[in-house]
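Here is a short briefing on one protein structure. Look over the sequence and the model before reading on.

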Amino acid sequence: MKALSLKDLPRSTAIKLFELGYAAGGCRKPDEFQKILEKLLGIFPADAVICGYGKPGQDVNMSTLWNSAQSPNISIDRVEMLGWPKEFLQTYLRENHLAHDGQSYECIRTQTPQLWIDVYKRDRHPFDPWTKRGFDPKFVELTFDHRLSLILRKTYLDQHQFISDFSLRFGRRKTAYQFSALWDGIVPFLHNALLSAHQATDGNGKTKAPTLSSRQQEVLKWLMEGKSNWEIGRILGIAERTVKFHVQILMQKFIAANRSQLVANACQQLQGHI
C-alpha cells in the first residue's frame with residue numbers, strides 16, 4: 001500500500017497540514033496544544049489521539065537498550081489525549097504495561113511509525129526482555145477490549161533525551177498505511193509543541209536559536225515550505241549540491257537527524273523570524 005505524501009493530498013488538506021506545523025511551532029500553553037490535537041483529527045482520518053513525553057532514567061543508555069534484559073526506567077511526565085478510552089490509559093499506567101509493550105520498543109528500534117496489529121502478528125509470543133519483542137497477554141487482551149489494534153504509533157527521541165510517544169487510532173488498516181508517512185513527518189512538530197506547552201525544554205520552554213547566514217535563512221525558508229533540494233536550487237539560482245551542503249549545515253546547527261526534525265526544530269526556535 002503506497003503511503004501518501006503532501007503532493008498526493010488535496011490542496012486544502014495540504015495547507016491545513018502546513019498550518020498545523022506552524023501552529024505547533026508557536027505552541028506555548030496546554031490549551032493551545034489541545035487545539036492542535038483537535039486540528040490534527042480534522043486532518044487525519046482517525047477518531048482518537050494520545051501522546052505523552054518523559055525522560056529515560058540516568059541509568060538508561062538508549063543506544064545499548066537491547067543489550068540488557070532489564071526493562072529501562074522511562075518516566076511518563078505528561079499525557080495528553082483526545083477521544084482515547086480513559087480506562088485503557090489508567091490500566092496501562094497502573095500495571096506498567098510500557099515495560100512489556102513490544103510495539104513501543106519496535107517504535108524505538110526503528111524510529112518509524114508502527115501499526116499495533118502488524119507488530120503483534122510478527123511477534124505473537126510472550127515478551128522477551130532481551131530482544132524487547134513480544135507482548136504481555138494482559139496487554140493484548142486490554143488492547144482488543146478497547147478496540148485499539150489499529151493504532152499507528154510513533155516514538156520520538158530528541159537531542160535533549162526527551163522521549164515522546166504519539167498514537168492515532170484508525171478504523172481501517174489501509175487508511176493507517178496511507179497516512180503513515182505523513183504521521184512520521186508531523187510527529188517532530190508535535191513533539192516540540194508538547195514539550196513547549198508544558199515547558200519541558202527549560203525554564204522558558206525555549207531553546208536558543210542558532211545564528212544563520214542569509215543564504216542559510218533562504219534555504220531554511222524554502223525547506224519550511226516543503227520544497228525539495230532541486231526546487232530550492234532553481235528558486236535561488238544555485239546548484240542542487242550547494243543546497244544539499246546548506247541543508248547539512250542547518251541539520252548540524254539545529255541538531256536534527258532528518259529534514260522533518262530540522263524544520264520542526266526551526267519552527268520551534270525561530271518562531272517566524274525566517
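This is a predicted model: local features need pLDDT of at least 70, side-chain atom pairs count only at pLDDT 80 or more; totals for chains, interfaces and linings use all residues.

Residues are numbered from 1 along each chain as its sequence is written, and side-chain values use heavy atoms, with hydrogens and water left out. Helices (H or I, at least four residues) and strands (E, at least two) are DSSP runs, numbered from the N terminus.

- Two packed helices are described by the angle between their axes and the distance between the axes.
- Axes here are lines fitted to C-alpha atoms, for helices over the stretch in contact, and angles run from 0 to 180 degrees between N-to-C directions.
- Helix H1 (residues 11–25) and helix H8 (residues 180–197) have axes that come within 8 Å and cross at roughly 25°.
- H1 and H8 are therefore roughly parallel to each other; angles under 35 degrees count as roughly parallel, over 145 as roughly antiparallel, 65 to 115 as roughly perpendicular and the rest as oblique.
- The crossing of H1 and H8 is left-handed. A crossing is left-handed if the near helix is turned anticlockwise from the far one by less than a right angle, and right-handed if clockwise.
- Leu17, Leu20, Gly21 and Ala24 of H1 meet Leu182, Ile186, Phe189 and Ala193 of H8, where contact means heavy atoms within 4.5 Å.
- The residues of this contact divide into seven nonpolar, one polar and no charged. Ala, Val, Leu, Ile, Met, Phe, Trp, Tyr, Cys and Pro count as nonpolar, Asp, Glu, Lys and Arg as charged, and the others, Gly among them, as polar.

**Leu17 in H1**

- Leu17 lies in helix H1. Leu17 counts as buried because its relative accessibility is 9%; buried means under 20% relative accessible area, exposed over 50%, partly exposed in between (1.4 Å probe, protein chains only).
- Leaving aside neighbours within four places in sequence, Leu17 is in contact with Leu6, Leu9, Ile43, Phe44, Leu182 and Ile186.
- Leu17 and Ile249 sit 232 residues apart in sequence and 26 Å apart in space, C-alpha to C-alpha.

**Helix H10 against helix H11**

- Helix H10 (residues 229–236) packs with helix H11 (residues 240–253) at an angle of about 110°, with the axes 8 Å apart.
- That angle makes H10 roughly perpendicular to H11.
- H10 passes H11 in a right-handed crossing.
- Asn229, Trp230, Ile232 and Gly233 of H10 make the contact with Glu240, Val243, Lys244 and Val247 of H11.
- By class, this contact has four nonpolar, two polar and two charged residues.

- Glu225 is in the loop between helix H9 (214–224) and H10.
- At 39% relative accessibility, Glu225 counts as partly exposed.
- Beyond its neighbours within four places in sequence, Glu225 is in contact with Phe18 and Tyr22.

- Helix H4 (residues 102–110) is mostly covered, with seven of its nine residues buried. Those buried in H4 are Gly102, Gln103, Ser104, Tyr105, Glu106, Cys107 and Ile108.
- The buried residues of H4 pack against strand S3 (114–115), helix H5 (116–122), strand S4 (151–157) and strand S5 (163–169).
- In helix H3 (residues 86–94), Phe88, Leu89, Thr91 and Tyr92 are buried. Their cover includes strand S1 (48–56), strand S2 (74–82), H6 and S4.
- Thr143 is in helix H6 (residues 137–145). Thr143 is buried, with a relative accessible area of 1%.
- Leaving aside neighbours within four places in sequence, Thr143 is in contact with Phe88, Trp116, Leu148 and Ser149.

**Cysteines**

- A disulfide is a covalent bond between the sulfur atoms of two cysteines.
- With a disulfide taken as a pair of cysteine sulfur atoms within 2.5 Å, the count comes to zero disulfides.
- Cys51 is in no disulfide, and the nearest cysteine sulfur, that of Cys27, is 10 Å away. Cys51 counts as buried at 2% relative accessibility.
- Cys107 is in no disulfide either, and the nearest cysteine sulfur, that of Cys51, is 14 Å away. Cys107 counts as buried at 0% relative accessibility.
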